[in-house]
Amino acid sequence: MPCEKQPRFLILYGSQKGQAQSIAEGIADEAAEHGLVAEISCLSRHEEYRLERESAPVVFIVSTTGDGEPPDTTLKFVKTIRAKTLPSDFLKSLHYALLALGDTNYANFCNCGKTIDKRLQELGANHFYATGHADDGTGLEVVLDPWIEGVWDAIKAALSKMSSSSHPPLKETLSDMTKENPAPTSPPHVELNRLSLADNKTPDSIKAPLDSDSKLTLGGLPSTEVTGLSSESDAAAAKSAQEAQTDQVREECVVAEPSLTYSLPPLSQSSLNVPALPPPYLEVTLLLEDEAEKFNSSLHTETFYEVPVTNAVQMTRGDSVKKALLLELDISAHPTMTYMPGDSFDVLCPNRASEVDAVLLRLGLQDQRHQRVQLAVRRDTQKRGAQTPPQVPDNCTVQYLLTWCLEIRSVPKKAFLRALVDCAEDSRQKRRLQELCSKQGSADYNRFIRDSSLCLPELLTEFSSCTPPLSLLIEHLPKLQPRPYSAASSTLRHPGRLRFIFTVVELPACPGRPEGRRGLCSGWLADLVAPVLVRPGTDESSCGQAQLPQIHVRMRPSGTFHAPTDPTAPLIMVGPGTGLAPFLGFLQQREIERRDSPDVAFGETWLFFGCRHKDGDYLFREELEGFVSSGTLTHLKLCFSRDAAAAAAAAAAGEEEAAGEEAGEEAAASASQPPPACPRYVQHNLLLHSQRVSRLLLRHDARLYVCGDAKNMAKDVNDTLMEMVRAELQLDQLDAMKTLATLREEKRYLQDIWG
């Protein structure tokens with residue numbers, strides 16, 4: 001007789017902002033469809049699992065944060081398995097699969113997952129499925145979707161193998177379970193080319209919990225298969241899909257290109273693999289003031305300090321493309337708020353009031369905005385381990401919830417889009433939401449939602465018939481995260497003060513966003529300090545006696561991004577734009593240390609700084625020139641990208657006029673690369689001084705720091721450094737990469753970068 005008990009496996013996740021947790025919960029929710037029971041736990045809850053005794057397959061979902069660091073929830077686990085006292089066969093009975101999440105815009109891609117994977121292997125653990133490395137820089141789903149589709153057969157194969165030796169009673173059930181879908185005896189092939197994953201089988205359509213496939217055949221049109229719909233919505237889905245396709249044919253006569261709300265063949269006429277509907281698990285009750293307990297909003301900010309903004313200065317000229325602001329905070333009332341140059345801190349910011357109002361209006365809750373929210377887990381939920389989200393305080397108001405607790409600016413995940421399908425009344429919009437969350441619609445999802453950073457208020461504006469319940473938002477929207485900023489000061493120069501600089505982020509208009517919008521925190525800070533802002537050409541007295549604004553902050557000490565403790569070590573800093581911030585603190589501190597220790601032979605200091613225009617965007621010009629004059633900064637290397645481009649274009653135009661059209665084309669081509677005497681970007685300046693910088697770094701124990709944009713600048717600087725190392729040491733590219741990796745491991749090549 002086969003065992004009636006469904007076989008189990010364990011899911012362990014390590015998450016910083018909820019991404020890995022969400023994926024882990026999705027896998028757990030889907031387990032029942034495959035005849036499995038999933039137990040799920042956070043890696044921080046070490047009392048809930050014992051890997052050395054685990055008799056079931058284990059699936060790890062692990063993200064990476066910062067400069068390749070483990071998430072806070074994973075730190076203790078990593079420390080535990082790294083213990084040198086553990087024997088090499090400590091985890092010999094463990095069979096596991098691991099999915100690592102990362103972003104190739106950052107240097108140490110998937111570093112936490114790779115670290116755990118390597119250490120588990122060293123302790124004797126066994127892979128039952130190939131490790132996946134999902135890249136948020138190109139779209140997690142490129143690796144995530146096929147990895148999850150292939151993991152089910154691999155789990156069943158592992159269970160069958162493990163049960164045959166350890167649990168004979170389960171053997172018949174597991175054999176029966178794998179007969180219909182025989183699992184591979186070895187993990188499916190995984191190709192990591194820019195870290196994508198290819199399974200060597202074609203997965204079937206994802207089935208819904210009740211196996212409710214709906215084949216919708218329309219007269220004169222191809223059949224449309226939509227999988228993953230809940231049984232209650234099958235009839236409505238079939239009808240809406242038929243109406244949608246009929247309407248779509250009419251639309252295609254006038255729509256030349258696809259958009260957020262419209263698609264074209266072949267997608268508009270394709271069968272769709274739609275994800276299973278995530279099981280709802282929250283029950284939301286709204287209470288009047290006299291029915292609810294008093295809500296204490298201070299509990300939500302108990303880890304933050306409220307501090308006044310004592311100074312706000314616009315650092316860029318009024319006609320600059322980017323607006324950079326300097327803010328100074330008074331932290332003298334909080335003695336425990338200490339920091340070092342190189343540290344960062346968090347700013348707690350709210351969602352934009354107009355966007356909160358738009359969501360309230362769509363949900364029909366504008367008149368209930370001051371009612372209290374009471375959450376409970378639904379008794380009938382099929383979600384395993386369901387619990388109320390910890391980011392939602394007890395008895396907060398609806399408005400407080402949407403303002404301070406939920407990230408309504410987050411890019412909607414496909415699971416959220418799938419849940420919104422059933423909330424749309426218009427048949428065309430319902431079909432389009434199905435397309436956007438389907439495998440076949442991945443390109444459109446990336447183009448119109450992910451790459452455009454489209455958010456919930458914008459999505460609801462475009463899909464006007466979609467009215468989700470409040471519970472759906474709480475279930476799917478992540479926690480509103482504080483925004484990190486680098487300290488741009490030293491307490492030796494500015495005691496009791498904390499300075500920082502930032503650019504007001506501007507997101508351009510795009511399909512789904514008719515008008516551009518500003519970054520959430522940078523836009524909020526700019527509005528907050530507007531009454532006291534000192535603009536170019538004015539002084540502080542012109543701002544009157546406006547009340548000083550207050551913000552909530554908390555410190556984020558850096559473990560590594562600090563100036564070297566050895567003052568004789570050379571210091572090389574690369575920080576274009578607002579990436580200059582931590583190096584202002586470095587230099588302020590170094591200047592005072594040199595004054596207080598005149599007998600110490602301090603190492604030389606290099607700063608590579610760049611911006612668009614010398615006259616409009618050169619931040620802290622007087623202070624940097626002062627550092628040079630005092631001897632604190634040995635070498636200040638500057639570049640101004642737009643000024644250099646204009647000079648190169650003018651030179652090319654002059655050559656064209658002098659030498660004729662053919663010669664002019666050659667000059668224009670050569671001008672696309674900046675001439676040595678006119679560097680456009682910081683990496684070009686590094687190349688100009690390649691020999692001296694390389695020798696400091698490779699032969700004189702220098703420290704190299706890079707701060708700024710991850711997507712372009714940091715990559716270009718890293719490529720330049722690789723070329724410099726290759727030339728200096730006469731290495732091939734692979735060995736040059738290894739040399740840079742060694743510098744990182746020795747903490748002599750450090751980055752503080754952001755996407």
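Predicted model: local features only at pLDDT ≥ 70, side-chain atom pairs only at ≥ 80, totals over all residues.
# Briefing: helix packing, cores and buried polar residues

Residues are numbered from 1 along each chain as its sequence is written, and side-chain values use heavy atoms, with hydrogens and water left out. The protein has 22 helices and 24 strands, which are DSSP runs numbered from the N terminus (helices H or I, at least four residues; strands E, at least two).

**Overall burial and contacts**

- Of the 755 residues in the protein, 51% are buried, where buried means under 20% relative accessible area, exposed over 50%, and partly exposed in between (1.4 Å probe, protein chains only).
- When contacts (heavy atoms within 4.5 Å) are taken between residues at least 6 apart in sequence, 78% of them join residues at least 24 apart.

- On the α20 side the meeting residues are Ser690, Gln691, Val693, Ser694, Arg695, Leu698 and Arg699, and their counterparts in α21 are Met724, Val725, Glu728 and Leu729.
- Gln683 belongs to α19 (residues 682–688) and is buried, its relative accessible area being 9%.
- Leaving aside residues up to four places away in sequence, Gln683 touches Asp716, Val717 and Thr720, and its side chain makes a polar contact with that of Asp716 at 3.5 Å. A polar contact is a pair of N or O atoms within 3.5 Å; within protein, one must be able to donate a hydrogen and the other to accept it, and residues adjacent in sequence count only if both atoms are side-chain atoms.

**Nonpolar cores**

- The largest nonpolar core has 46 residues, and Leu401, Leu402 and Leu417 have the most contacts inside it; a core is a set of buried Ala, Val, Leu, Ile, Met, Phe, Trp, Tyr and Cys residues joined through side-chain atoms within 4.5 Å.
- At least two residues of this core come from each of α7 (353–363), β14 (372–377), α8 (398–405), α9 (414–421), α10, α11 (442–450), α12 (456–462) and α13 (470–476).
- Apart from this core lies another, of 31 residues, which includes Ala28, Ala38, Ala134 and Val143.
- Among residues beyond four places away in sequence, Leu417 touches Pro412, Leu433, Leu436, Cys437, Tyr445, Ile449 and Leu459.

- The N-terminal end of α10 is capped by Asp426, one of whose side-chain oxygens lies 3.0 Å from the backbone nitrogen of Arg428.
- Cys437 is also buried, at 1% relative accessibility.
- Helix α11 is largely enclosed by the rest of the structure, because seven of its nine residues are buried, namely Ser442, Asp444, Tyr445, Asn446, Phe448, Ile449 and Arg450.

**Ser465 and its surroundings**

- Ser465, in the loop between α12 and α13, is buried with a relative accessible area of 15%.
- Ser465 and Ala424 stand 41 residues apart in sequence, yet their C-alpha atoms are 5.2 Å apart in space.
- Beyond four places in sequence, Ser465 touches Cys423, Ala424, Glu425, Asp426 and Gln429.
- A polar atom of the Ser465 side chain lies 3.2 Å from the backbone nitrogen of Glu425, and the side chain also makes a polar contact of 2.8 Å with the side chain of Gln429.

**Cysteines**

- A search of the whole structure finds zero disulfides, a disulfide being a pair of cysteine sulfur atoms within 2.5 Å.
- For Cys405, the nearest cysteine sulfur is that of Cys396, 4.8 Å away; Cys405 is buried, at 1% relative accessibility.

**Backbone features**

- A cis peptide bond, with omega of about 5°, joins Pro265 and Pro266, and Pro266 lies in the loop between α6 (234–252) and β9 (272–273).
- Asn395, in the loop between β14 and α8, is not a glycine but has a positive phi of about 65°, and it is buried with a relative accessible area of 10%.
- Phe620, in the loop between α16 (614–617) and α17 (621–630), has a positive phi of about 55° although it is not a glycine, and it counts as buried at 10% relative accessibility.
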